[in-house]
Structures are given as structure tokens and as C-alpha cells.
Amino acid sequence: MTDVYLTAAEGNLAKAFPSLVERCLREKSPRTFDRDYRVLCRRYGLDGGPISTLQEMGACYDITRERVRQIQATSIQRIRQLLDGSLKRPGWDIDQSLREGWRELMRDLRAEEPGITRSRFQAIVRARFGNGVPGRWFELFAEIMDFRPLGPSNSLNVPDLEERWLHRDAAPKKAINQVYGVLEEVSDEVGGLSMPALMARIQSEGSDQVDEALVRAIIGTRARLEIRNDLARVRTEWLSNCSDQAWRVLQSAGRPMHRDEIAREVNRYRAGKRGMAPSSAPNVSSRMGGDARFVCSGKSGFWGLAEWNRGGDMTIVEAMQKALHGAGRALKMDELVSRTQKLRPDAARNSIVTYSGQESEFVRVQGGAVALAVWNLPDQLPARDCSRLQTGDFLAAVDLVRDGRTEVPLAELVKQLADLLDKAEVTVRQSLHKVDGVEILAVPGGRGKLVRFSEAVPLKLVRHRKTLKREVMQRAIRKCMREAGGEFANKTDLYEKGE
């Protein structure tokens, strides 16, 4: 069996494959060549037409469907024998470079993980020969390379299969069906199964030993399933229940979230899925309210998972006390927040910081650490006064600390003012925002903020109370004039009347 085209291919099996199939079937039996070649063409769509079933082809050629299957299997077996050199018939031979290319490609494919995708299969072919197998010829080429589509038998209906190919020697069909059967059970579990638990369940369902790599490959054929953090589970977008998707969103985030944020994430998963309409934030909140897996986090509109509340009804202050007792020492704020959130995951950092400065159970010690008041530590600092500042004293202190400078780091200014006035830093910081002639700016390319003083504007505290009273009075005057049928000429007249 010789052919100029095959010889010119110089070992490029992918390029020579269509010609090789035609020549092999023609030499096998010239009398039945037309029928055998047409069977392969219609079964694999090689001529660009639709793929026909065994039943349809049997009716076309007036033979049984089993006979069609035999013709298909015999033709594939003959081509495979020609490539591996096991076909011993006079005149039947191909260029040795093609046979070597076939063996090297088979070795490359077998070195891959089970369940190779079409794109990966073609990439290996291109790496070996410089080009892939023509699209319509791929399925027949894979069959001749001893690869079959990875999927269950026809008796097990799995509608969401994605294409992967498996070597025939990788696993028996019975073991593959065994894995698919267990995966159907996983599809009903929102939380999923860890890979060790899944492997144990698969082994308990049958006597066939199944490799974990094969199980992962089979999961890869299911559009509904994924492996995330060694957990086999249904993809979030395939969960049909809104509350299940909200549970998955919170579980992935690992923190409490506002209902609007949860709704946005849920709708992101539902977008484009047939039969899944967007869900409003009130609807999501209502679903979570009727589900025992969710709890309100204590802040308006925030939700968390009940499994996080390991402290039961423990308040944030009680969690802070427990964290300090567990450490047996004063804790820096970052460490206190971390330890408290392990006991109360829904506790916000701002809440912990506020309680540490306002509750009598806690005191600050040197270095800014937080301790329990009952410890009576010798280096604890007196509590800072959080009452309102006197305007004159505050502006004088700002001018003193400023010391003629036009720019001062905000953290430095706040700390010096707090020490000078013996006030809490939060009180000082809030008062600084009300000073006219002071501008607080972010530091470009750095951390912290900068306070800039205006040379043209003298320091004075902006008063908001008069403005608010004036606006209330304006609204009252407008209402009265509207009821009386009168109008004011301009805003100046209104202000004068308002005064």
C-alpha cells in the first residue's frame, strides 16, 4: 500500500490521516469500499453532513444496526492495526515515519491525566506534527488512538455532560458508571462533599477501585459540578434556590454582608440562566429571614451565617472580655479585633474600637494596647475626656501645636492636641473637621493624611447650628406666605425677615 501523498507527509500523521483512511478502506476491500467509507463518513460527519445513528444507516443500506456497528468497528480496527504494524498482509504497509509518529503521539497522550479535553488533545497533536487534526476527522482520529468519549453508559441519563476523552484502558465502564451515580447524589447537597468523603462513598458503592484523578476528570465533564478548595460541589450558578445561593455567597465571603451586596452577588450568578429571574434585595432578605442557616449580624441590613455564631448569645463586649482573658495580657488593637472576631465573626472593627474606649470594663495601657480594668495594671492610662471642646481653648491649642507651620501630619497633630487638651483623639479629630482655615488632604503616594493651614483665613470654628435654624425658619416663612398667597421678592428679603 503506497501513496505519493502519504510519502510526502514525512511522518505528519495529522496531515496524512484523511488520505490514510481512504486508502486503507479501499485496499481492504475494493468491492465494499464505497459502503464502508460511506458508513464512516455518515457516522462521524466526515463529508460535512449530519451525523447519522446506527438505526438510520441500517435503514439506508437495508442492513441491521448491529451490522452497521460491525462495519464501523472493523474499519477502525483495520486502520489501527495498520498504524501499529500488527496487520500482516502482503502489500499493506505505510511509510515508517508515519508509524513512528503514531507511536510517539500515543506515548504523549498516555502521559496526560485521565479525561483529556479536545483542546488539550489537539494541542498535543500540534506540538508533535505542527498542525491539528481537521475538525470533522477528530472523533474518528481519537477512536483510532484508542480514546473514547468520557461519559456514562446509555442506561444512566446525565444531561449536563461536557466533552472529554479517556483512554480505553483507563477504567472499565462499570467503574465510570459507579462514579456518575454517586455524583448525582452530590448534586443534591448544597454544601458539597470533601474529596476524601466522596472517594469513600464511591468505593462503598461498588467493588471497582477508582483512582482520584479519574474522579476529578469525571467531575470535569459535569457542567453543574466543580472542585473548589478540595470540595466537590454544585456550581453556585446552578443552584435553583435563592437562599442556597445566598448561603454560598456568605460562605465564600467568610464575613457578614449587607443584603444589597448579597443580592448583587446572587443576581450575578443568576444572570443568563434559563428560568432564573433577578431577585430583589427585599426578596433575598425575606428568604434568609425564613431560613435557620442565616442570622442578622446586629447591624441594620447585615446578614451572617448561624454556623459562625460559635459564641451563642455572647455580646461583642463579652467576646472582647473573653479574648483578653484568653490571652492573659493586654492586646494591641489589631490582635484584639482578630481574637474577638473569632468569637463573634459578625463584630465590626469599628464597634470593637468604640467599645474599647467607652466601656468601663476596658482601659488603655502604654503603647495603645487594651487591657481589662480589673487587672489594675500599673501602666494603665487615665480615661480621656470625650466631652465637647471649648472653642477658644481648642483653637489656641491648634495654633500652639501648629507653631507657624503650613502643613502638619494629621496623626501627629491629633496626638499632640489630645495630649495637650487631655481629650480623646476621636473628639479632637472630629473638631478639626469643623475648623475653618484647615484643609485635610490625602498624601499622594503615601499613607495617612496631611493638615494644611490657610494663610489667608484665620482659624475659627464653623458654626452649623445657626445655619440649621435659619433653614428651618425659611421653610416656615415660605409655608406661611404660600398659605397667605404672598411671595417674597428675593432671598435677601427672606433672610432679613427670618432674622
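Predicted model: local features only at pLDDT ≥ 70, side-chain atom pairs only at ≥ 80, totals over all residues.

Residues are numbered from 1 along each chain as its sequence is written, and side-chain values use heavy atoms, with hydrogens and water left out.

**Stop 1: Pro-18**

Select Pro-18, which lies in helix H2 (residues 13-28). Helices (H or I, at least four residues) and strands (E, at least two) are DSSP runs, numbered from the N terminus. Leaving aside residues up to four places away in sequence, Pro-18 touches Pro-134 and Trp-137; contact means heavy atoms within 4.5 Å.

**Stop 2**

Select Glu-143, Arg-148, Pro-149, Arg-168 and Lys-173, which lie nearest the centre of the second largest pocket, among the 24 residues that line it. On a 1 Å grid over the protein atoms alone, with a 1.4 Å probe, a pocket is an open set of points with protein on both sides within 12 Å along at least five of seven lines; lining residues have an atom within 4 Å of a point. The pocket holds about 620 Å³ of space, a volume being the space filled by probe spheres set on the points.

Which elements each supply at least two residues of the lining? They are helix H3 (33-44), helix H5 (65-84) and strand S1 (147-149). The largest share, 6 residues, comes from H5. By class, the lining has 9 nonpolar, 5 polar and 10 charged residues. Here Ala, Val, Leu, Ile, Met, Phe, Trp, Tyr, Cys and Pro count as nonpolar, Asp, Glu, Lys and Arg as charged, and the others, Gly among them, as polar.

**Stop 3: H12 and H13**

Select residues 242-253 (helix H12) and 259-270 (helix H13), whose axes are 9 Å apart at an angle of about 115°. Axes are lines fitted to C-alpha atoms, for helices over the stretch in contact, and angles run from 0 to 180 degrees between N-to-C directions. H12 is therefore roughly perpendicular to H13, a term for angles of 65 to 115 degrees. Cys-242, Gln-245, Ala-246, Val-249 and Leu-250 of H12 meet Ile-262, Glu-265, Val-266, Tyr-269 and Arg-270 of H13. These residues divide into 7 nonpolar, 1 polar and 2 charged.

**Stop 4: H19 and H20**

Finally, select helix H19 (residues 410-421) and helix H20 (residues 425-432), whose axes come within 9 Å and cross at roughly 120°. Among the residues making the contact are Leu-410 and Leu-413 of H19 and Val-428 and Leu-432 of H20.

How values were computed. Parallel < 35°, antiparallel > 145°, perpendicular 65-115°, else oblique.
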